[in-house]
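Hi there,

Here is the structure I promised to pass on to you. Have a look at it first, and my notes follow below.

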Amino acid sequence: MKTEDRGASLSKMIKKAIEDGELTTKEYEDILALANADKVIDSYERNLLGQLQELLANHTVRKVQG
């Protein structure tokens, strides 16, 4: 998968979590695995992951079992 495709997929997964207001453990693991698929987390991926962490920290998105 190309870097652009991974970035788009990460963005899509994170947007879904924002819309749902929830992020399952499985979704979180999938996001991290996708970001680290090429063993390099580039600046775009790092930015997306940072935004996700911020949303989790301020409880805009809740982490749930699943």
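Let me start with K39, which counts as exposed at 68% relative accessibility (exposed means over 50% relative accessible area, buried under 20%, and partly exposed in between, with a 1.4 Å probe and protein chains only). Before I go on, please note that this is a predicted model, in which local features need pLDDT of at least 70 and side-chain atom pairs count only at pLDDT 80 or more, while totals for chains, interfaces and linings use all residues. Residues are numbered from 1 along each chain as its sequence is written, and side-chain values use heavy atoms, with hydrogens and water left out.

K39 lies in the loop between helix 2 and helix 3; helices (H or I, at least four residues) and strands (E, at least two) are DSSP runs, numbered from the N terminus. Its phi is positive, near 70 degrees, and K39 is not a glycine. Most residues other than glycine have a negative phi.

D42 sits in that loop too, between helix 2 (25-35) and helix 3, and is partly exposed with a relative accessible area of 23%. At the start of helix 3, a side-chain oxygen of D42 comes to within 3.1 Å of the backbone nitrogen of Y44. This is a polar contact (a pair of N or O atoms within 3.5 Å; within protein, one must be able to donate a hydrogen and the other to accept it, and residues adjacent in sequence count only if both atoms are side-chain atoms).

Now to helix 3 itself.

What does S11 touch, leaving aside residues up to four places away in sequence? S11 is in contact with Y44 and L48 (contact means heavy atoms within 4.5 Å). S11 belongs to helix 1 (residues 3-20) and is buried, at 13% relative accessible area.

Finally, helix 3 is followed by H59, with a positive phi near 65 degrees. H59 lies in the loop between helix 3 and strand 2 (62-64) and counts as exposed at 61% relative accessibility.

Best wishes
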